[in-house]
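Open the model in your viewer and keep the selection panel at hand. The tour goes from one selection to the next.

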Amino acid sequence: MDMMFGDFGSAYSLSGLMEKAARFFKDKFKNRYVSSHEGQTLAGSLLLALMVIIFILPAVALLVLMYKVHLIAGVLTEALFCFAAINEKKVNYYGTGILKALLKGKPLAARRKLSALTDENVKGLREDEIIKLSVKAIAENTFESAIAPMTFIFLGGGIGGLVYTVVNKTARAVKGEDVYFSLAARGMNDVFGFFPSRLAAYLSVKDARLLALDFNNAKKIWKRDGKNLSSINGSQTVAAFAGALDIEVVGDVYSDEEYIPSQHIGDPKKEPDQSDIFYAQQISYGAVFIAAVIFMAIRLALGLIF
């Protein structure tokens, strides 16, 4: 359903409504409590709790009701929850849009599509920078929008997928806010994403071999640079993709003219080219497909055994 009708991050999708709600309530909570460490930590924790109450409790009540009405009604409702939690389609939609714009020599259109895929500043980016940031965004979304929610669907059904999505969207909404205010959402998001991010990176490395890409370098860069970004989970897949494509996705980073070597991801074994976006999409599809097959096989096996 997602690959056919993906919401592309629409504000009217359930995940879009979650992020809009988190952005709406964050200022109210942030301004209501004193600006001390304890006050802002409490405010951020209450924001996360409110998001769970608003979105998860009604979903649980609806699902229980639908299963009481009829098994098929319950299954269809839970399928819609799973559909709302997964958003791999946007990788194809925006990635293909960026690639087509670059092939037509329209960097402005490419930057517009890239802006919709990532939270980073894309103004004035050169073509090679657009390609690097596109690969980075595709890699992060492979973990964050597909394999992570699939992991929680595997563990807790449709409700499990929605729980992850609520935490993730709240963490995105408070990104860049006071470190104490964002502590609860960011910390929970990091905990929830720890295993899925590493699974996504591992499957990306394996898929690089199936695609005849640089498997050995993918494994090397993943191990070496997999913790180099501030997002310790997102950097796992970014490093795997960078190694598979033989490019430097994140180059030298400076803060107040001071070099920060630990932020570097990938080696510039070749210059980025437009085909890297295409192959990044293929790695993403492959990793997500393999994860889906693994999760379904385990659930089916457990169902047959028990």
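**First stop: a loop aspartate**

Select Asp246. At 17% relative accessibility it counts as buried, because the cut-off for buried is under 20%. Bear in mind that this is a predicted model. Asp246 sits in the loop between H10 and strand E1 (253-255). Check its backbone torsions too: phi is near 60 degrees, a positive value in a residue other than glycine.

Now select Ala212. It belongs to the loop between helix H8 (183-210) and helix H9 (215-225). Its phi is positive, about 60 degrees, although Ala212 is not a glycine. Is Ala212 buried or exposed? Ala212 is exposed, with a relative accessible area of 67%; the cut-off for exposed is over 50%.

**Zoom out: the whole chain**

Show the cartoon for the protein chain. It has eleven helices and two strands. Follow it along the sequence and the pattern reads α-α-α-α-α-α-α-α-α-α-β-β-α. The radius of gyration is 20 Å, close to the 19 Å that the globule rule gives for 306 residues, so the chain is as compact as a globular protein of that length. Draw a box along the principal axes: the C-alpha atoms fill roughly 60 × 55 × 35 Å.

Colour by accessibility next. Of the 306 residues, 51% count as buried. Take contacts between residues at least 6 apart in sequence: 67% of them join residues at least 24 apart.

**Helix H3 and its partners**

Select helix H3 (residues 37-69) together with helix H4 (residues 71-85). Their axes come within 6 Å and cross at roughly 150 degrees. H3 and H4 are therefore roughly antiparallel to each other, since angles over 145 degrees fall in that class. Show the side chains where they meet. From H3, the contact uses Ala59, Leu62, Leu63, Met66 and Tyr67. From H4 come Leu71, Ala73, Gly74, Val75, Thr77, Glu78 and Phe81. By type, the residues of this contact divide into nine nonpolar, two polar and one charged.

How do H3 and H8 lie to each other? The axes come within 7 Å and cross at roughly 60 degrees. H3 and H8 are therefore oblique to each other. On the H3 side, pick Thr41, Gly44, Ser45 and Leu48. They meet Leu183, Ala184, Ala185 and Met188 in H8. The residues of the contact of H3 with H8 divide into five nonpolar, three polar and no charged.

**Inside H7: Ser134**

Move to helix H7 (residues 127-173) and select Ser134, which is found there. Ser134 is buried, with a relative accessible area of 0%. What does Ser134 touch, not counting residues up to four places away in sequence? Its contacts are Ile98, Leu114 and Ile277.

**Inside H10: Thr237**

Next, select Thr237 in helix H10 (residues 234-245). It is buried, with a relative accessible area of 0%. Now look for its polar partners. The side chain of Thr237 reaches the backbone oxygen of Ala139 at 2.9 Å. A polar atom of the Thr237 side chain also lies 3.2 Å from the backbone oxygen of Gly234.

Leaving aside neighbours within four places in sequence, its contacts are Ala139, Glu140, Phe143, Ser197, Ala200, Ala201 and Ser204.

**Last stop: Asp225 in H9**

Finish with Asp225, whose place is in helix H9. Asp225 is buried, with a relative accessible area of 4%. Which residues surround it, leaving aside neighbours within four places in sequence? Asp225 is in contact with Ser235, Ala239, His264, Ile265 and Gly266.

Note on methods. Residues numbered from 1 in each chain as written. Predicted model: local features only at pLDDT ≥ 70, side-chain atom pairs only at ≥ 80, totals over all residues. Heavy atoms only, no water. Helix = DSSP H or I, 4+ residues; strand = E, 2+ residues; numbered from the N terminus. Buried < 20%, exposed > 50% of the residue type's maximum accessible area, 1.4 Å probe, protein only. Contact = heavy atoms within 4.5 Å. Polar contact = N/O pair within 3.5 Å; in protein donor to acceptor, adjacent residues only side chain to side chain. Axes fitted to C-alpha atoms, helices over the stretch in contact; angles between N-to-C directions. Parallel < 35°, antiparallel > 145°, perpendicular 65-115°, else oblique. Nonpolar A, V, L, I, M, F, W, Y, C, P; charged D, E, K, R; others polar. Rg over C-alpha atoms; globule rule 2.2 N^0.38 Å.
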